[in-house]
Amino acid sequence: MTQLRLSLIDSDEGYLASFAVMRELRPHLPDVATFTAQARRQAAQGYRLLAAWQDGQVKALAGYRLQENLLYGRFLYVDDLVAAADARRHGLGARLIDALREEARKQDCKHFVLDTALGNSLGQRFYFRQGLLATGMHFRQPL
């Protein structure tokens, strides 16, 4: 495997390079323009998109934001974590989680938080291996 480079996505070119990988996690995104517009709106609210690049291609992504609430205090929340199908099982997700943990520490966060679907058993096993523990259930209601 070639050299891995991590960098934040903040340009139209970066969003274009990231779209196919993000769509593996978020297949409801119809096109790169919709994805870019949504990511830019979220960026105005603190969302950041960290990409893992190999050979000039985005191979994995982690979307995150710094937040604060009464439950966790200051924390880093992971919105999105995905590796391209051809790059899974190469340690990219673990590298992104390590980078986000380090960012959380630099930002004086007390917790590192993410949600995953109840049916995502592969993801859950991965998160357990990364030292994350399930501590609750996430509830929602479509409006």
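Arginine 95 is located in helix H3, which spans residues 92-106. The model examined here is predicted. The relative accessible area of arginine 95 is 42%, and the residue is therefore classed as partly exposed, a term that covers values between the limits of 20% for buried and 50% for exposed residues. When neighbours within four places in sequence are set aside, arginine 95 is in contact with Leu4 and Leu6. Asparagine 120 lies 25 residues from arginine 95 along the chain, and the C-alpha atoms of these two residues are separated by 20 Å.

The sheet is open and is formed by 5 strands, arranged in the order S1-S2-S3-S4-S5 with mixed pairing. Strand S1 (5-9) and strand S5 (111-114) are the edge strands, each of which pairs on one side only. From one strand to the next, the twist averages 30°. Within the sheet, strand S2 (residues 48-54) is paired with strand S3 (residues 57-69) in the antiparallel sense, over 7 bridges. Tryptophan 53 has valine 58, in S3, as its bridge partner.

Two helices are described in relation to this sheet. Helix H1 (residues 12-25) packs on the sheet and touches S1, S2, S3 and strand S4 (73-83). The direction of H1 makes an angle of about 85° with that of S4. Helix H3, in which arginine 95 is placed, lies across S1, S2, S3, S4 and S5. The course of H3 runs at about 30° to S3.

Key. Residues are numbered from 1 along each chain as its sequence is written. This is a predicted model: local features need pLDDT of at least 70, side-chain atom pairs count only at pLDDT 80 or more; totals for chains, interfaces and linings use all residues. Side-chain values use heavy atoms; hydrogens and water are left out. Helices (H or I, at least four residues) and strands (E, at least two) are DSSP runs, numbered from the N terminus. Buried means under 20% relative accessible area, exposed over 50%, partly exposed in between (1.4 Å probe, protein chains only). Contact means heavy atoms within 4.5 Å. Two strands pair if DSSP finds at least two bridges between them. Axes are lines fitted to C-alpha atoms, for helices over the stretch in contact, and angles run from 0 to 180 degrees between N-to-C directions.
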